[in-house]
Amino acid sequence: MSAEAVLLEAAEVRKAYGPTEALDCANLRVRAGEIVALMGPSGAGKSTLLHCLAGIVRPDAGTVRYQGADLAALSDRGRSALRRTDFGFVFQFGQLVPELTCLENVALPMRLNGERSRPAAERAREMLAELDLTDVAAKRPGEVSGGQGQRVAVARALVTRPRVVFADEPTGALDSLSGEQVMQLLTAAARERNTAVVLVTHEARVAAYSDREVVVRDGRTRELEATR
Ligand code: ADP
Ligand code: MG
């Protein structure tokens with residue numbers, strides 16, 4: 001793997017919560033457009049690693065570099081700006097804002113980036129149409145199925161055209177059919193846009209959508225030999 005191609009990198013990252021070593025020594029390199037699955041049992045440190053990579057949690061030691069720049073060297077403002085412009089997020093329970101329609105939820109990241117409401121709504125509408133979600137645009141999250149809600153969350157994560165989407169157990173609360181649909185949508189849309197995806201899952205079927213699997217166990221990372 002050539003150094004130039006690496007978009008996001010964690011090197012010897014450690015993070016403790018009191019006596020708990022959430023990350024002991026984690027290493028990960030993500031190239032542009034690559035879909036990487038972080039696998040491993042509950043409590044292994046997967047979410048902590050994802051949060052370190054996304055600049056949400058600051059490691060106690062080690063470095064996280066995005067496009068060659070150390071995230072720890074950025075100001076808090078710089079890191080939150082980076083999260084809004086370059087990163088997208090999908091969580092286990094969608095985390096859509098219940099008071100907003102699905103369309104407004106998808107427009108929200110653009111509004112937070114200072115875009116005006118009309119063009120933001122227009123882009124959100126296009127994004128929903130592209131992902132075959134026009135039917136749910138006017139509905140509130142409480143009025144759609146879990147799978148539809150997660151697909152809306154995918155639309156919201158991608159609408160700003162981020163370079164990296166972080167997805168933490170995006171299918172964890174879904175039945176297997178809806179889970180497959182969400183993974184198909186997420187990976188196809190990411191590939192089309194050359195967006196990298198860091199996917200946390202403990203389901204092999206979900207990890208199978210990735211290019212590469214990395215096992216996290218007791219706060220340590222290990223690359224699997226087999227790649228697709
Ligand atoms: P995973 O996502 O693989 O289930 P996590 O990264 O969430 O694992 O957690 C790793 C370990 O760190 C666990 O023992 C967990 O309880 C602990 N941990 C994670 N976040 C916190 C926190 N904010 N405060 C205290 N302990 C935490
Ligand atoms: Mg987790």
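These exercises walk through a predicted model of one protein chain.

**Exercise 1. How many helices and strands does the protein chain have?**

Solution. Go through the secondary structure from the N terminus. The protein chain has 7 helices and 10 strands.

**Exercise 2. What radius of gyration would a compact globule of 228 residues have, and what does the protein chain have?**

Solution. For 228 residues, a compact globule would come out near 17 Å. Next, take the value for the protein chain: 17 Å, which agrees. Then turn to the extent. The C-alpha trace spans about 45 × 40 × 35 Å along its principal axes.

**Exercise 3. Which residues of helix H2 are buried, and where do they fall around the axis?**

Solution. Step one: locate H2 at residues 76-86. Step two: apply the cut-off for buried, under 20% relative accessible area. Arg 79, Leu 82 and Asp 86 are buried. Step three: look down the axis of H2. The buried residues fall within an arc of 65 degrees, so they line one face of the helix. Step four: check the face turned away from the buried side. That face carries Asp 76 and Arg 77, which are exposed.

**Exercise 4. How far apart are the mean positions of the positive and negative charges?**

Solution. Count the charges in the protein chain: 30 positive and 30 negative. Their mean positions are 4 Å apart.

Definitions and conventions: Residues are numbered from 1 along each chain as its sequence is written. Chains are lettered from A and ligands numbered from 1 in the order in which they are written. This is a predicted model: local features need pLDDT of at least 70, side-chain atom pairs count only at pLDDT 80 or more; totals for chains, interfaces and linings use all residues. Side-chain values use heavy atoms; hydrogens and water are left out. Helices (H or I, at least four residues) and strands (E, at least two) are DSSP runs, numbered from the N terminus. The radius of gyration is taken over C-alpha atoms; the globule rule is 2.2 Å times the number of residues to the power 0.38. Lys and Arg count as positive and Asp and Glu as negative; His and the chain ends are not counted. The place of a charge is taken as NZ of Lys, CZ of Arg, CG of Asp or CD of Glu. Buried means under 20% relative accessible area, exposed over 50%, partly exposed in between (1.4 Å probe, protein chains only). The arc is that of the directions from the helix axis to the C-beta atoms.
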